[in-house]
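These are notes for a colleague who will work from the coordinates.

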Amino acid sequence: MHGAEIELKFPVSDPLAFSRRVEALGFHLQTERTLEQNTLYDSPTRDLQARRQILRLRTYGSHCTVTHKRQPATPNADVHYKTRIETESGIDDCDALAEIFLQLGYVPVFHYEKFRTEWASADTPGHLVLDETPIGTWAELEGDPAWIDSIMERLGIAIEDSTTLSYGRLFLNWKNATGSPAQHMTFEACQPVTA
């Protein structure tokens, strides 16, 4: 798969109520709540980050994918949406590709995980997910901007309540707000520190 990824995220305070609202809009459950584990790779000097690119291995249930994301050649003037050029493919062996990355000089730099639930609708061109992360629950809409606007309106979500930030940036904001020493956005690392 290769093409533009256009998306928005927004926080969800009540996942169960949100799920009911989504189904009332005609979406059907595509993938039940499934653990997703992600590892970002970069050179030791963070060359990809400097070029605003990511290289990711993702395990989602029993499926593994490799993804590269980069900025569009011509940045989108509409900053209400996050737009990246994404190239992604399923792979048979995540461990083998991780070893190839290491041999090429790319090392794991950030781990993040979440429980993801996915919905789809036969008569709409977009994708809706609910991500339960260690730092809160977020919904994500991916599709054409007009479709995103329509679903946001139907869900009663104001555009100012949405964000284009990545989970990496949301994690750094959470760390700054909480003072957490966590280096990765995993459920274990983000546990509250007990005295």
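1. The expected span of a helix is taken as 1.5 Å times one less than its number of residues. Helices (H or I, at least four residues) and strands (E, at least two) are DSSP runs, numbered from the N terminus. This is a predicted model, in which local features need pLDDT of at least 70 and side-chain atom pairs count only at pLDDT 80 or more, while totals for chains, interfaces and linings use all residues. Residues are numbered from 1 along each chain as its sequence is written, and side-chain values use heavy atoms, with hydrogens and water left out.

2. Helix 5 covers residues 167–178. At 1.5 Å a residue, its 12 residues should span 16 Å, and the end C-alpha atoms are 16 Å apart, which agrees. Its buried residues (under 20% relative accessible area, with exposed meaning over 50% and partly exposed in between; 1.4 Å probe, protein chains only) are Tyr 167, Leu 170, Phe 171, Trp 174 and Lys 175. Viewed down the axis, these buried residues fall within an arc of 140°, so they line one face of helix 5. The arc is that of the directions from the helix axis to the C-beta atoms. Asn 176 and Ala 177, on the other side of helix 5, are exposed. Gly 179 follows helix 5 and has a positive phi, near 75°.

3. Helix 1 can be read in the same terms. Phe 18, Ser 19 and Val 22 are its buried residues. They cover an arc of only 100° around the axis, which puts them on the same side of helix 1. Leu 16, Arg 20 and Ala 24 are exposed on the other side of helix 1. Just after helix 1 comes Gly 26, with a positive phi of about 100°.

4. Which residues have the most contacts inside the largest nonpolar core? A nonpolar core is a set of buried Ala, Val, Leu, Ile, Met, Phe, Trp, Tyr and Cys residues joined through side-chain atoms within 4.5 Å. The largest has 19 residues, and those with the most contacts inside it are Phe 10, Phe 18, Leu 128, Leu 141, Ile 148 and Leu 155. Two or more residues of this core come from each of strand 1 (2–11), helix 1 (15–24), strand 7 (127–133), strand 8 (136–142) and helix 4 (145–155). Helix 4 gives the most, with five residues.

5. Contact here means heavy atoms within 4.5 Å. Leaving aside neighbours within four places in sequence, Leu 128 has among its contacts Phe 18, Val 22, Phe 27, Trp 119, Leu 141, Ile 151 and Leu 155. A second, separate core of 12 residues includes Leu 40, Ile 135, Phe 171 and Trp 174.

6. How many aromatic pairs does a search of the whole structure find? The search finds nine. Rings of Phe, Tyr and Trp (its six-membered ring) pair if their centres lie within 6.5 Å; planes under 30 degrees apart count as stacked, over 60 as edge-to-face and the rest as tilted. Tyr 41 and Phe 101 make an edge-to-face pair, 5.0 Å centre to centre with 65° between the planes. This pair links Tyr 41 in strand 2 (residues 28–42) to Phe 101 in helix 3 (residues 94–103), 60 residues apart. Tyr 41 counts as buried at 8% relative accessibility, and Phe 101 is buried with a relative accessible area of 8%.

7. Tyr 112 and Tyr 167 form a tilted pair, 6.4 Å centre to centre and 35° between the planes. The pair joins strand 6 (residues 107–120), which holds Tyr 112, to helix 5, which holds Tyr 167, across 55 residues. Both tyrosines, Tyr 112 and Tyr 167, are buried. One aromatic cluster is formed by Phe 110, Tyr 112, Tyr 167, Phe 171 and Trp 174.

8. A charge sits over a ring if NZ of Lys or CZ of Arg is within 6 Å of the ring centre and within 35 degrees of the ring normal. Lys 9 lies over the face of Tyr 167, at 4.6 Å from the ring centre. Arg 33 lies over the face of Phe 115, at 3.9 Å from the ring centre.

9. Thr 186 is in the segment after helix 5 and is buried, with a relative accessible area of 17%. Not counting residues up to four places away in sequence, Thr 186 touches His 111, Glu 113 and Pro 134.
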